[in-house]
Amino acid sequence: MSTEALARLAGERVDHRFKGLPPDAAGLTVGELAAQRRNLFTDGFTTPVLTLSAERLEHNLKLMETYAARHGLAFAPHGKTSMAPQLFNRQLAHGAWGITLAVPHQVRVARAFGVERVFLANELVDAAALRWIAAELAADPSFRFVCYVDSVRGVELMDAALRGAARPVDVVVELAAGEDARTGVRTEAECAAVADAVAAAGTLRLVGVAGYEGEVPRADPERVHAWLGRLVALAVEFDRAGRFADAGEIVVSAGGSAWFDAVADVLADVPALSRPVLKLLRSGAYVSHDDGHYRTVTPFNRVPEEGALEPAFRLWAQIVSRPSAGQAFANAGKRDAAHDLDLPFAQVVRRNGTPRPARGVAVTGLSDQHAWLRTEPEADLEVGDWIGLGLSHPCTSFDKWQLIPLAEADGTVVDYIRTFF
């Protein structure tokens, strides 16, 4: 990645755009503020403020690096989770092959920070975006770009937009995870038709197959393994038919954050093909993990001997109303906290610098700027207390915050993570 582009983030001025930061930091650069190593609880931060745990983030990065290497997988974590180039850089430093993305804007962000390998887990049919991709490929011989194709019509649109391009665009046929799945080609016969269309298009090069096992209907280990077996069989059949003749390596890619153990199991048995095989895992939520959905579905629950991810997010809010013995309100709501999968989880209360478990406190609802709290008789909660909330779903946590303090366990803020949504 570009060290110059990353350095420019440290030169950005702190101002009203960034929630939760100390008002007296206005005018400082991000780098200057980070160098002050302010304490989250005593040095002027205002609530609500979302934080990432420095220790847990590093733990998660190391764990998935080790996991991928142990299972012989290349790793292209899904960057849509964080859209944070600083985290992309750390993921790449921890062995990632490249970064997975979903839409053209995200690719532009990655390229602005020098990401050299991008896997776009979507069919790209936007003519303006395709012309931009073609220009990036022409200008930078080291740039590797791969995207899905899932229809003959899509191939035709891509080919029309890319006429005259200096380099072909590498594509993988997306196999749908089932009739009721999200995107992808539904049958192997249709996959062959899409591959034929790619072969007839001089602007595209077929390099593999891919899909997303998280869309398998009524997913369980048996169904997910069966679908992954279909994906591998499709790669084998395409290779036998000579469809990868122009590829330097054959890409077989899958892997969200709920079934990467199944991906590791099945891709371990990919037979020898005519070219080297890039077994590409794309899980993204691991970087911060969470206290809700992904804590429940992570494959490490099934294979605890492989390790465990740690939730790295905590949203700090303040109690601003205590209207009755059974109710309280904190000053963080839908604008601040992920809520599409689960409500936040009350975890810890701080009063006068002393933390304690948030016993008897539960989040029951969110307004735009308020969390509704139910308080049981054992709850010790007063107006002015800080309350730390765990969150569910990393992807809709990062996107609500442009600059996220990276805090050590004692509250020392050592860096600030910039997001681009």
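Strands β17 (residues 403-407) and β18 (residues 413-418) run antiparallel and are joined by five bridges. This is a predicted model. Pro405 has its bridge partner in β18, namely Tyr416.

**The open sheet**

Eight strands build an open sheet. Their order is β2-β9-β8-β7-β6-β5-β4-β3, and the pairing is parallel. The edges are β2 (74-75) and β3 (99-101), each of which pairs on one side only.

Strand β5 (residues 144-149) pairs with strand β6 (residues 169-174) over four bridges, in the parallel sense. Tyr148 finds its bridge partner in β6, at Val172. Helix α9 (residues 221-240) packs on the sheet. There, α9 touches β6, β7 (204-210) and β8 (250-254). The direction of α9 makes about 165 degrees with that of β8.

**Two helix pairs**

Two packed helices are described by the angle between their axes and the distance between the axes. Here are those values for two pairs.

| Helix pair | Angle | Axis distance |
|---|---|---|
| α8 (residues 188-200) and α9 | about 45 degrees | 11 Å |
| α3 (residues 54-70) and α4 (residues 85-93) | about 45 degrees | 9 Å |

Start with α8 and α9. Their angle of about 45 degrees makes α8 oblique to α9. The crossing of α8 past α9 is right-handed. From α8, the contact uses Glu188, Cys191, Ala192 and Ala195. From α9, it uses Arg230, Leu234 and Phe238. Five of these contact residues are nonpolar, two are charged and none is polar. An α-helix has 3.6 residues a turn, so residues three or four places apart point the same way.

Now α3 and α4. These helices pack at about 45 degrees and are therefore oblique to each other. α3 passes α4 in a right-handed crossing. Which residues meet here? Leu57, Glu58 and Leu61 come from α3, and Leu87, Arg90 and Gln91 from α4. By class, the contact of α3 with α4 holds three nonpolar residues, one polar residue and two charged residues.

**Helix α5 and its cover**

Helix α5 (residues 104-112) has buried residues at Gln106, Val107, Val109, Ala110 and Arg111. What covers them? The cover includes helices α4 and α6 (127-139). Strands β3, β4 (117-123) and β5 are also among the covering elements. Just after α5 comes Gly114, with a positive phi of about 80 degrees.

**Thr396 in helix α12**

Thr396 lies in helix α12 (residues 395-398). Is Thr396 buried or exposed? Its relative accessible area is 17%. Buried means under 20%, so Thr396 is buried. Leaving aside neighbours within four places in sequence, Thr396 is in contact with Ala338 and Asp340.

Conventions
Residues are numbered from 1 along each chain as its sequence is written. This is a predicted model: local features need pLDDT of at least 70, side-chain atom pairs count only at pLDDT 80 or more; totals for chains, interfaces and linings use all residues. Side-chain values use heavy atoms; hydrogens and water are left out. Two strands pair if DSSP finds at least two bridges between them. Helices (H or I, at least four residues) and strands (E, at least two) are DSSP runs, numbered from the N terminus. Contact means heavy atoms within 4.5 Å. Axes are lines fitted to C-alpha atoms, for helices over the stretch in contact, and angles run from 0 to 180 degrees between N-to-C directions. Angles under 35 degrees count as roughly parallel, over 145 as roughly antiparallel, 65 to 115 as roughly perpendicular and the rest as oblique. A crossing is left-handed if the near helix is turned anticlockwise from the far one by less than a right angle, and right-handed if clockwise. Ala, Val, Leu, Ile, Met, Phe, Trp, Tyr, Cys and Pro count as nonpolar, Asp, Glu, Lys and Arg as charged, and the others, Gly among them, as polar. Buried means under 20% relative accessible area, exposed over 50%, partly exposed in between (1.4 Å probe, protein chains only).
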